[in-house]
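Take a look at the model below.

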Amino acid sequence: MSGLKRTPLYDVQKERNARFVGFGEWELPVQYQSVLAEHNAVRENAGLFDVSHMGEIVIEGPGAFDACQYILTNDVSKLVDGKAQYTLMCQADGGIIDDLIIYRQADDSYFLCVNASRSDIDFAHLVEQAGRFDCTVNNVSADYAQLALQGPKSFDILGQLTDFDFSALKPFSWADIVLCGDLSVRVAATGYTGEQGVELYVSANIAESVWRALEECGQAHELSLCGLGARDTLRLEMCYALYGNDIDDKHNPLEANLGWVVKLKKGDFLGRQVLADVKETGLERKLVGFKMLDRGIPRHGYEIQAGGDAIGVVTSGSHSPSLGEPIGLGYVPMEFAQTGSIIDVMIRNKAVGAKVVDTPFYKKG
Amino acid sequence: MVPESLFYTKEHEWLKIDGDVALVGITDHAQEQLGDVVFVELPAPGTQLSTGDTFGSVESVKAVSDLFAPADGEVLEVNSTLEDQPELLNASPYDQAWLIKVKLSNTDATEGLLSAQAYEEFCATNG
């Protein structure tokens, strides 16, 4: 796969017989032995993912807060040092440019973790929009590797490498800590799986050392190495949006069920006017979850019909390993958005019945 | 090693030919490339197949893979066990997880098919 970028963890994963695929500009591991086994390991024990393809951007300076408040939809004033928040970047027309996590490092310093496929677009947008605020915007993606350690045994594994008290690390909190005496990492209680766990930001040059340390400690806790395949089924069961599938610049946050990170009352921000109008007039369509009534697996791009008419498109779909049945997400007109609505998914030119269900698909316990 | 007694296609399917009847399945290489199989769709018995037709599909968690008819003929029987146990395709691709039984139209259906050795060479050069 020539021309594709490799992460600092490529070699160690190759050593572990990962199977690589092209994912945008990146060559990334899709699976090791089995997507199903890796998925189940995260739900039951723990899984280790290389997510170094994610982008990192730092906004700093006296105007950094005002810039973030203007460019992002969530309310940055709710953040304190050591806290993070899920948020969106929208166009003036309300279309989603990206979804991301913002970490407050200081009242004048913010660290953004963005999607790999969007990082160049995000960076250009941030530079342009932050121009009128007194701050700098730096794309530091190349400096960082990112590992995700996810699953109920994550803290047990990490706890063997540090004295840090992970019981104090609440969801969306983060801290800069040292592992194994000399490996500085940023550990954040965030993730994309629905399980307890962390995402670790580390300098690219120590990424492999951190990976090997976690692997070694993980052996006693049934840690599984995981690829993008399991990452996708885990997030889909939780209905976490995947940019480019479920959300994009043609869809607004309200129809994507992301209204909870759009704070219309915080003051002006990019997209606010349009989103306030949409909220006032009501949605035309909405992202819903559905299950199949007959045999078939819904896939990204399949048409959704009702009574023979095209009404929408499947944005994500797969077999759910935790539920043992197919699940899907797609946009449908509001008249089909209620739980229990019956729709058809076109699978290989055949209409297969499906039913709109409550989300998320997977609930712990 | 692939079983010596079978014939193969470049679509990574195998045929076990007995007179004018053949069992058709996918190879170990195919199941390995697919990963965990979670769904199998097969044609109704009686379906007429022409070589190269799509006759069904096999899906892993991540991917959909069409099945192509390796010969002309009529579907006599399908392995409906695979509807409930698609994972058999990973565990036993040459045995329990045969897909369809076909009545061959041509007396010399092996024309155009690969021997075990030729198939192994094909896999070695085409990944």
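## One helix, then one chain

Helix H4 of chain A (residues 119–130) has twelve residues, and at 1.5 Å a residue it should span 16 Å; its end C-alpha atoms are 16 Å apart, which agrees. The expected span is 1.5 Å times one less than the number of residues. Helices (H or I, at least four residues) and strands (E, at least two) are DSSP runs, numbered from the N terminus.

This is a predicted model: local features need pLDDT of at least 70, side-chain atom pairs count only at pLDDT 80 or more, and totals for chains, interfaces and linings use all residues. Residues are numbered from 1 along each chain as its sequence is written, while chains are lettered from A and ligands numbered from 1 in the order in which they are written.

Which residues of H4(A) are buried? They are A:Ser119, A:Asp122, A:Leu126 and A:Ala130. These residues cover an arc of only 60 degrees around the axis, so they sit on the same side of H4(A). The arc is that of the directions from the helix axis to the C-beta atoms. The face turned away carries the exposed A:Ala124 and A:Glu128. Buried means 20 or more other C-beta atoms within 10 Å of a residue's own, exposed means 12 or fewer, and partly exposed lies in between; C-beta atoms are placed from the backbone.

Now chain B. Its four helices and nine strands follow the pattern β-β-β-α-β-β-β-β-β-α-α-β-α.

| Chain B property | Value |
|---|---|
| C-alpha box along the principal axes | roughly 40 × 35 × 20 Å |
| Buried, of 127 residues | 42% |
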